[in-house]
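Thanks for sending this one over.

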Amino acid sequence: MIEELCSQGVEEVFATPHFYPENGETPSDFVKRRQVSCGKLVSNPFYPHIHLGAEVSICAEIAGIDGLALLKLGKTPYILLEPPYEDWQEWVYQTIFAVEAKHKLKPVIAHVDRYFDIVRDKKKIWRLAELGYTIQINTSVFRKSRFHPVYKLIKEYDRIILGTDTHNMTSRPPRIEEKILRKKIGASKWHEMNNYSKDLFGGVNG
Ligand SMILES: [Fe+2]
């Protein structure tokens, strides 16, 4: 996957393995396990720099977990939070607020494009934008029709970052699809999103 990203011109990678608090693993045990996996990576000076993070599943108890900040995205103050795959209720927002307030972390909401087909009232998705959160959209959004409501969000909101959500080389391979995406969202939006990403994550070491 890293080689493939490299061939697509990627210079920096935020690796975000899933963290499921319901599995009973603590953030520090997760970080140890992640370090073991990371140690198996072949080092190559031409490969992108890899920052370690996590994709933290939002469940009611996450704000109360000690050491949640260990899961942030590299040395940034951001944490990638994955909303549940159900019609969002108020507790989802309250949990996001609590993560922010208690752990002094800045939430990034994962693959929001996926929830347009799950959350019935689309205003609930727009609420994330109204609250000013950074929203991550999967590059696979290029497969959706240009009339899909996610494009309205992309067009009108300016705190959006892209992610590949890559899991493997078969069903969910790393695909940036810059050409198709640029065509669908427009070159200026593409640049805006990339510049915003650089503002958030550029220049972080480690
Ligand atoms: Fe996810």
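1. Ile-135 has Ile-160 in β8 as its bridge partner. Around that pair, strand β7 (residues 134-138) and β8 run parallel and are joined by 4 bridges. Please keep in mind that this is a predicted model.

2. Helix α7 (residues 187-201) packs on the sheet here, where it touches β5 (78-82), β7 and β8. The direction of α7 makes about 90° with that of β8.

3. Now for the sheet as a whole. It is an open sheet of 6 strands with parallel pairing, and the order is β2-β4-β5-β6-β7-β8. The edges are taken by β2 (18-19) and β8 (160-163), each of which has a single partner strand, so one side of each is left without a neighbour in the sheet.

4. How many of the residues of β7 are buried? The count is 5 of the 5, so β7 is largely enclosed by the rest of the structure. In a regular strand, side chains alternate between the two faces of the sheet. For β7 both faces are covered: Thr-134, Gln-136 and Asn-138 are buried on one side, and Ile-135 and Ile-137 are buried on the other. Strand β7 is also joined to β6 by 2 bridges, again in a parallel arrangement. There, Val-108 has Thr-134 of β7 as its bridge partner.

5. Next, the metal site, which I expect you will want to look at. Which residues coordinate the iron ion? They are Glu-55 (OE), Glu-82 (OE) and His-111 (NE2), at 1.9 to 2.3 Å. Along the sequence, these donor residues follow the spacing E-x26-E-x28-H. Glu-55 belongs to strand β4 (residues 55-57), while His-111 sits in the loop between β6 (106-109) and α4 (123-130), so this pair ties together parts that are 56 residues apart in sequence.

6. Apart from neighbours within four places in sequence, Ile-118 is in contact with Tyr-85, Glu-86 and Asp-87. Ile-2, by contrast, is 116 residues from Ile-118 in sequence and 31 Å from it in space, C-alpha to C-alpha.

7. A helix pair comes next. Two packed helices are described by the angle between their axes and the distance between the axes. For helix α3 (residues 90-103) and α4, the axes come within 11 Å and cross at roughly 15°. That angle makes α3 roughly parallel to α4. On the α3 side, the contact is made by Glu-90, Tyr-93, Ile-96 and Phe-97, and on the α4 side by Lys-124, Ile-125, Arg-127 and Leu-128. The crossing of α3 past α4 is right-handed.

8. Lastly, two backbone points to look over. Lys-104 is not a glycine, yet it has a positive phi of about 55°. Lys-104 lies in the loop between α3 and β6 and is exposed, with a relative accessible area of 67%. Asp-165, which is not a glycine either, has a positive phi of about 55°. Asp-165 is placed in the loop between β8 and α6 (178-185), and Asp-165 is buried, with a relative accessible area of 15%.

Methods
Residues are numbered from 1 along each chain as its sequence is written. This is a predicted model: local features need pLDDT of at least 70, side-chain atom pairs count only at pLDDT 80 or more; totals for chains, interfaces and linings use all residues. Side-chain values use heavy atoms; hydrogens and water are left out. Donors are N, O and S atoms within 2.8 Å of the metal (3.2 Å for Na, K and Ca); water is not among the atoms, so sites may look incomplete. Two strands pair if DSSP finds at least two bridges between them. Contact means heavy atoms within 4.5 Å. Axes are lines fitted to C-alpha atoms, for helices over the stretch in contact, and angles run from 0 to 180 degrees between N-to-C directions. Angles under 35 degrees count as roughly parallel, over 145 as roughly antiparallel, 65 to 115 as roughly perpendicular and the rest as oblique. A crossing is left-handed if the near helix is turned anticlockwise from the far one by less than a right angle, and right-handed if clockwise. Buried means under 20% relative accessible area, exposed over 50%, partly exposed in between (1.4 Å probe, protein chains only).
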